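I opened my notebook for another look around a model. Here is what I looked up, entry by entry.

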Amino acid sequence: MVKAVRIYELGGPEVLKWEDVEIGGPGEGEIRVRNKAIGLNFIDTYFRKGVYKVPLPFTPGVEAVGEVIAVGPGLTGRKVGDLVAYASKAMGSYAEELILPANKVVHVPASIDPLVAASVLLKGMTAQFLLRRCFKVEKGHTILVQAAAGGVGSLLCQWANALGATVIGTVSTKEKAVQAKDDGCHHVIIYKDEDFVTRVNEITSGNGVDVVYDSVGKDIFQGMFVIIRVPWNA
């Protein structure tokens, strides 16, 4: 038996139950992992409160780093002692140990602290999709990152800066503005103190930005159409 967090009813943190669970051994194509560090993500609260529906009961959590302690029959490519990370739709990371598909984990180099790896994989994959697939940011681009001091926002700023883009970020406080600057924002807008549309136009001399990465939503949606550099604004 191992310990895991279980949820039997939807609600606040009080519905989280720390219990003994039996998980068995890995089957074909599976590994058993003992978690070393578990990533906490805002999406976990959506499942706990029922915003996103999953059958009850369940063990929450989608991200962690752990050591492989058993492998399924005939499995190659993974071995006992490997340090691996995972972040997927298959929930269950709020546990001491769990069974995972071997093809859903990635190797973690010894040079990377498990705490770091567990905190960055899901957000890192999100940032990679946004910067390299959704819109391929390159040197010379100017981008706007809303909520630049957030988990994904901070990675977007660092990565885009390294790619050679000019990074504009919005934040809510002076403290977050300092963080955004440290993370690579060339220009930081405190949106509670100034209109981000006006400031972006000032920063870009009215040329706007090549892409906006937004995690805020409807409150700023219309403003983004004014500043993004697209044919209808040409």
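Before anything else, I settled what a pocket is: an open set of grid points with protein on both sides within 12 Å along at least five of seven lines, whose lining residues have an atom within 4 Å of a point. I also noted that this is a predicted model.

Pocket entry. I looked up the largest pocket and found about 520 Å³ of space in it. I counted 16 residues in its lining, and Asn41, Phe42, Ile43, Leu122 and Val152 lie nearest the centre. Helix H1 (42-49) and helix H2 each supply at least two lining residues. H1 gives the most, with four residues.

Sheet entry. I traced an open sheet of five strands in the order E6-E3-E4-E5-E7, and the pairing is antiparallel. Strands E6 (97-101) and E7 (106-107) are at the edges, each pairing on one side only. I then checked how E7 is attached: two bridges join it to strand E5 (residues 83-87). In that pairing, Val84 has His107 of E7 as its bridge partner.

Helix entry. I followed H2 (residues 114-134) and saw that it lies across E3 (30-38), E4 (63-71), E5 and E7. Its angle to E4 is about 115 degrees.

Cysteine entry. How many disulfides does the model have? I got zero, by the distance rule, which asks for sulfur atoms within 2.5 Å. The sulfur of Cys185 is 3.4 Å from its closest cysteine sulfur, in Cys157, so it is too far for a bond. Cys134 also has Cys157 as the closest one, but at 16 Å its sulfur is too far for a bond. I noted as well that Cys185 counts as buried, at 4% relative accessibility.

Conventions:
Residues are numbered from 1 along each chain as its sequence is written. This is a predicted model: local features need pLDDT of at least 70, side-chain atom pairs count only at pLDDT 80 or more; totals for chains, interfaces and linings use all residues. Side-chain values use heavy atoms; hydrogens and water are left out. Two strands pair if DSSP finds at least two bridges between them. Contact means heavy atoms within 4.5 Å. Axes are lines fitted to C-alpha atoms, for helices over the stretch in contact, and angles run from 0 to 180 degrees between N-to-C directions. Buried means under 20% relative accessible area, exposed over 50%, partly exposed in between (1.4 Å probe, protein chains only). On a 1 Å grid over the protein atoms alone, a cavity is a set of points where a 1.4 Å probe fits but cannot get out, and a pocket is an open set with protein on both sides within 12 Å along at least five of seven lines; lining residues have an atom within 4 Å of a point. Grid points are joined across faces, edges and corners, and a volume is the space filled by probe spheres set on the points.
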